[in-house]
Amino acid sequence: ATGTVSLTVNKAGQTITFTDSLPASAIYSTGLSHTLSATDGGSGNAVTFSVSGPGSLSGGSTLNITGAGTVTVTANQAANGNYTAAPAVQQSIQINNPVPILRCITPAFTSAGGAAFTLTVSGLGFTASSTVYGGASALVTTYSSATQLTAQVTAAEIATAGTTAITV
């Protein structure tokens, strides 16, 4: 006697595991990057990464931080003939702005009633989003580097004599 039985072979599942975790937080600096890596669960399918927030990818696996905020990396893996798509896995890192340190301003003095001028602020920890304040007023600020900013001081802001705190 003979008989026929059907055997159903289902696709195997895949699991993505990050092999190098991102730190929970970091201080933003130019050139901050992290190499991403993840295991593929043995299917042979490539793990791909995507980024949301102030970051970008280069070379498919280098996370470049482009500013402050929450950066989320998502790892994905597609299906193939023998494996289902893996559930996406995410890691996040909170990127904080450094606390700026103001060292010196040029010029340090001006005359009341004088003309508008450019104030140069030197220090540490400046970012492209740094703003120079004259008292409580935000000045039009230009980022030169992590150690230098320039700000436009209008004639109206120096119309009367007095002392004004300069902050970043």
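Colleague: What is the mean pLDDT of the protein chain?

Modeller: The mean is 90, and 99% of the residues reach 70 or more; pLDDT is the predictor's confidence in each residue, from 0 to 100. This is a predicted model, where local features need pLDDT of at least 70, side-chain atom pairs count only at pLDDT 80 or more, and totals for chains, interfaces and linings use all residues. Residues are numbered from 1 along each chain as its sequence is written, and side-chain values use heavy atoms, with hydrogens and water left out.

Colleague: What makes strand β8 mostly covered?

Modeller: Seven of the nine residues in β8 (residues 69–77) are buried, where buried means under 20% relative accessible area, exposed over 50% and partly exposed in between (1.4 Å probe, protein chains only). Strands are DSSP runs of E with at least two residues, numbered from the N terminus.

Colleague: How do you know that β8 and strand β9 pair?

Modeller: Two strands pair if DSSP finds at least two bridges between them. β8 and β9 (residues 86–96) have eight, in the antiparallel sense.

Colleague: Why do β2 and β5 stand at the edges?

Modeller: The open sheet has four strands in the order β2-β9-β8-β5, with mixed pairing. β2 (25–27) and β5 each have a single partner strand, so one side of each is left without a neighbour in the sheet. Neighbouring strands are turned by 25° against each other on average, direction ignored; the axes are lines fitted to C-alpha atoms.

Conventions
Axes fitted to C-alpha atoms, helices over the stretch in contact; angles between N-to-C directions.
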